Amino acid sequence: MTASAPARPSSPADHLWMHFTRMSAYAGQPVPTIERGEGCYIWDTDGKRYLDALSGLFVVQAGHGREELAQAAAAQARKLAFFPVWSYAHPTAIELADRLAAAAPGDLNKVFFSTGGGEAVETAWKVAKQYFRLTGRPGKYKVISRAIAYHGTTQGALSITGVPPFKAPFEPLVPGSVRVPNTNFYRAPEFVADDEKAFGRWAADQVEQAILMEGADTVAAVFVEPVQNAGGCFPPPPGYFERLRQICDAHDVLLVSDEVICAYGRLGTMFGAQKFGYQPDIITSAKGLTSGYSPLGAAIISEKIFEPFATGETTFAHGYTFGGHPVSCAVALANLDIFESEDLLGNVLRREADFRVTLNRLLDLPIVGDVRGDGFFFGIEMVKDKATKETFTAAESERILRGFVSPALFERGLYCRADDRGDTVVQVAPPLISDQAVFDEIESVLRSVFTDAWAML
Ligand SMILES: Cc1ncc(COP(=O)(O)O)c(C=O)c1O
């Protein structure tokens with residue numbers, strides 16, 4: 001730090017470089033600063049309360065302020081604050097791996113811990129590459145993923161990510177990553193626009209087309225989310241995953257289910273693949289595993305993929321100092337205890353239809369084009385014209401979404417996400433402990449902000 005005067009007015013966050021943040025917007029401006037949480041609510045440093053309708057960032061499944069999770073972290077830190085899982089193990093990592101293997105579908109029995117989601121995605125791609133080398137097909141290294149899908153920011157995960165403006169400043173990225181259409185039925189091509197099943201078949205077949213175009217002997221894996229987040233919650237059309245599994249089997253391509261958001265109850269099942277009945281080769285996960293009380297990610301890998309790593313001198317030369325951190329593993333175990341004792345999955349399954357019905361009420365507003373999602377994970381798409389589905393221009397999105405909707409939601413006490421990585425959407429994903437009162441509050445604030453946004457058009 002120098003003694004010279006700052007070139008711009010000072011801000012409370014002069015030294016904090018916030019993630020994915022246009023920092024100029026905060027020059028000399030107050031930064032919204034959250035200091036406390038309890039249940040589904042958070043409070044800022046002025047004592048103002050907000051409904052956390054995004055679970056932090058799709059993370060705080062069990063809600064804020066859980067004493068038992070804080071206790072689990074403290075107890076583990078006292079007993080063994082740190083030890084790596086590099087050639088050694090510690091009891092909480094072993095126990096958590098057992099528990100995840102038991103909960104994961106089929107033969108997904110090997111758990112490779114990371115500290116977050118992007119690292120789990122990196123891990124999965126590297127596992128896939130080495131698996132094919134070990135089994136005599138070293139040319140299979142490419143990955144296929146879907147347009148607008150977000151898979152993380154490290155350079156491998158960013159290569160898999162399908163949001164061009166996030167990638168452009170960092171090109172060239174890791175070679176061998178190919179995009180296919182996503183499952184946005186609201187904007188399906190005309191020839192399948194009135195038949196969800198046909199759309200699902202078409203969307204899955206695009207993956208096969210990409211595999212054939214690249215050459216099946218060059219493709220290692222397909223990365224897909226059960227419900228795609230970026231773009232605003234695209235659920236899979238009927239038959240999509242069944243067909244995708246067939247395609248992957250036919251071409252010997254691994255199916256990676258990126259469940260960094262959809263695992264751990266977001267859709268009402270422990271893993272998203274279980275909600276839609278498909279069997280991945282690898283699940284990548286993070287976020288809700290600890291409800292955010294400590295960072296942790298996990299790639300959960302099938303016995304079949306692990307097998308060639310289990311013999312001779314083979315090593316998977318990959319890892320993270322803090323992957324499988326003892327405190328995080330202890331917190332995850334306590335978090336999974338809460339899932340059981342409070343039946344969080346059951347709460348989501350029992351209430352998801354009511355959540356949908358409550359949000360669907362917004363469809364009476366002229367600016368709301370679509371409400372879509374699953375479990376406690378929904379996107380509401382804003383349009384200029386419901387009949388034509390016309391979306392906002394970049395300038396309108398800047399003025400309406402960034403300039404008004406986003407700050408107005410927060411000012412009116414709702415923390416959620418307004419997003420234009422694809423079309424213009426607002427996303428809601430409240431803690432898994434939410435009830436009808438929470439849904440009503442979300443709907444009521446969204447209604448008032450959307451009504452005012454329409455008046456600005
Ligand atoms: C589907 C998906 N994959 C990967 C990531 C990256 O996770 P992290 O931010 O923990 O690295 C995210 C983050 O939101 C995600 O939604």
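Mentor: Accessible areas come from the Shrake-Rupley method with a 1.4 Å probe, and for residues only the protein chains shown count as cover. Here the protein chain exposes about 19400 Å². Carbon and sulfur atoms supply 55% of that area. This is a predicted model: local features need pLDDT of at least 70, side-chain atom pairs count only at pLDDT 80 or more, and totals for chains, interfaces and linings use all residues. Residues are numbered from 1 along each chain as its sequence is written, and side-chain values use heavy atoms, with hydrogens and water left out.

Trainee: How many helices and strands does the protein chain have?

Mentor: Both are DSSP runs numbered from the N terminus: helices are H or I with at least four residues, strands are E with at least two. The protein chain has 14 helices and 15 strands. Its radius of gyration is 22 Å, close to the 23 Å from the globule rule for 457 residues, so the chain is as compact as a globular protein of that length. That radius is taken over C-alpha atoms, and the rule is 2.2 Å times the number of residues to the power 0.38.

Trainee: What share of the residues is buried?

Mentor: Buried means under 20% relative accessible area, exposed over 50%, and partly exposed in between (1.4 Å probe, protein chains only). In this chain, buried residues make up 53% of the 457.

Trainee: Is Ser 397 buried or exposed?

Mentor: Ser 397 counts as buried because its relative accessibility is 5%. Find it in helix H13, residues 394-411.

Trainee: Which side chain does the side chain of Ser 397 meet in a polar contact?

Mentor: A polar contact is a pair of N or O atoms within 3.5 Å; within protein, one must be able to donate a hydrogen and the other to accept it, and residues adjacent in sequence count only if both atoms are side-chain atoms. For Ser 397 the partner is the side chain of Asp 420, at 2.8 Å. Contact means heavy atoms within 4.5 Å. Not counting residues up to four places away in sequence, Ser 397 also touches Phe 392, Arg 402 and Thr 424.

Trainee: Which peptide bond is cis, with omega near -5 degrees?

Mentor: Most residues other than glycine have a negative phi, and most peptide bonds are trans. Here the bond from Glu 171 to Pro 172 is cis. Pro 172 sits in the loop between helix H6 (164-167) and strand S6 (177-180).

Trainee: What is phi of Phe 58?

Mentor: Phi of Phe 58 is near 60 degrees, a positive value. Phe 58 lies in helix H1, residues 55-58.
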